[in-house]
Amino acid sequence: MSLLLHACLLLVKMITLPLRVAELLGLFSLYKRVFPFIMYKVTFNYNNLMNDKKRELFRNLSRFYPADGPLRILEIGCGTGANFAHYPTGCHVTCTDPNPHFLRYLQESMEQNQHLVYDRFVVASGEDLRQVEDASVDVVVCTLVLCSVRKPHLVLKEALRVLRPGGAFFFLEHVVFSDPSSWGFFLQHVLQPLWYYCCDGCETTRATWKHLEAAEFSDLSLQHIQGPFKVMIRPHIVGYAIK
């Protein structure tokens, strides 16, 4: 399969060469405006299919309330606010995303989830959260984000910095198939160059669990699951890590 994989990958890279040139020339800036609308539509289907998994994951948020005061949540790459419905009533939410064009759809989610207190929206990448103070939140949430950031290890480092001692990092991410001999692994790698441009930098070939295992969390609860999706984003990891 290795020779076939490399041959097919070379072909797809040649096909996507014009897209690469367009990216280098800065012609993808318009897509940054369109992508939030696409994600807004896609989110409804994803949430319906993964609702039970999300509910099961975020049920654990109650473990991380501070001794006094409301639960403080920082969501990295909040996008359209797809997780708000799962957060406990009265908790304070700070939203971050590098794409300011998500704000319109984020505000719609805020209107639909008035059981939460929204502190602020910060335009920032997950690798650089300097606008958020050290040890200032109880929980950091990161779903379908580590697939598209440039440096996942820096995102985890920032999460550890802003979490209070004993706080938790919650995650739900699609990942690469763990078996290199599987056809799923093959398709993920062959179609990745095209997927990258269609999905605003998303990568399906990341073994994200390795970054979590290497980060300096005191405890890691991680499950590998198979989502009800097409091959490209079927394998997922879900869980939380404690500072």
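Start by selecting α3: the elements covering its buried residues include α4 (103–112), β4 (137–143), β5 (163–174), β6 (219–226) and β7 (235–242). Helices and strands here are DSSP runs (H or I, at least four residues, for helices; E, at least two, for strands), numbered from the N terminus. Buried means under 20% relative accessible area, exposed means over 50%, and partly exposed is in between (1.4 Å probe, protein chains only).

Before you go on, know that this is a predicted model, where local features need pLDDT of at least 70 and side-chain atom pairs count only at pLDDT 80 or more, while totals for chains, interfaces and linings use all residues. Residues are numbered from 1 along each chain as its sequence is written, and side-chain values use heavy atoms, with hydrogens and water left out.

**Stop 1: along α3**

Now colour residues 29–58, which make up helix α3. Which residues of α3 are buried? They are F35, P36, Y40, T43, Y46, N47, M50, K54, L57 and F58.

Next, look at the ends. A straight helix of 30 residues would span 44 Å at 1.5 Å a residue, but α3 spans only 34 Å between its end C-alpha atoms. (The expected span is 1.5 Å times one less than the number of residues.) Where is the kink in α3 centred? Click M50: the kink there is about 65°. A bend at a residue is the angle between axes fitted to the seven residues ending there and the seven starting there.

N47 sits in α3 and is buried, with a relative accessible area of 17%. Leaving aside neighbours within four places in sequence, N47 is in contact with K54 and A82; contact means heavy atoms within 4.5 Å. D52 is also found in α3, but at 53% relative accessibility D52 counts as exposed.

**Stop 2**

Select T43, F44, N47, A82 and Q112, which lie nearest the centre of the second largest pocket, among its 17 lining residues. The elements that give two or more residues to this lining are α3 and α4. The largest share, 6 residues, comes from α3. The pocket has a volume of about 270 Å³.

How is a pocket found? On a 1 Å grid over the protein atoms alone, it is an open set of points where a 1.4 Å probe fits, with protein on both sides within 12 Å along at least five of seven lines; lining residues have an atom within 4 Å of a point.

**Stop 2: α6 and its bend**

Move to residues 183–198, helix α6. With 16 residues, α6 reaches 21 Å from its first C-alpha to its last, close to the 22 Å expected at 1.5 Å a residue. Still, α6 bends by about 60° at Q192, and a proline, P193, follows within four residues. Both Q192 and P193 are among the buried residues of α6. What covers the buried residues here includes α1 (2–15), α2 (17–24), α3 and β7.

**Stop 3**

Most residues other than glycine have a negative phi. D200 lies in the loop between α6 and α7 (208–214) and, at 22% relative accessibility, counts as partly exposed.

Finish at L144, which has a positive phi of about 55° although it is not a glycine. L144 lies in the loop between β4 and α5 (152–162). Is L144 buried or partly exposed? With a relative accessible area of 30%, L144 is partly exposed.

Definitions and conventions:
The expected span of a helix is 1.5 Å times one less than its number of residues. Grid points are joined across faces, edges and corners, and a volume is the space filled by probe spheres set on the points.
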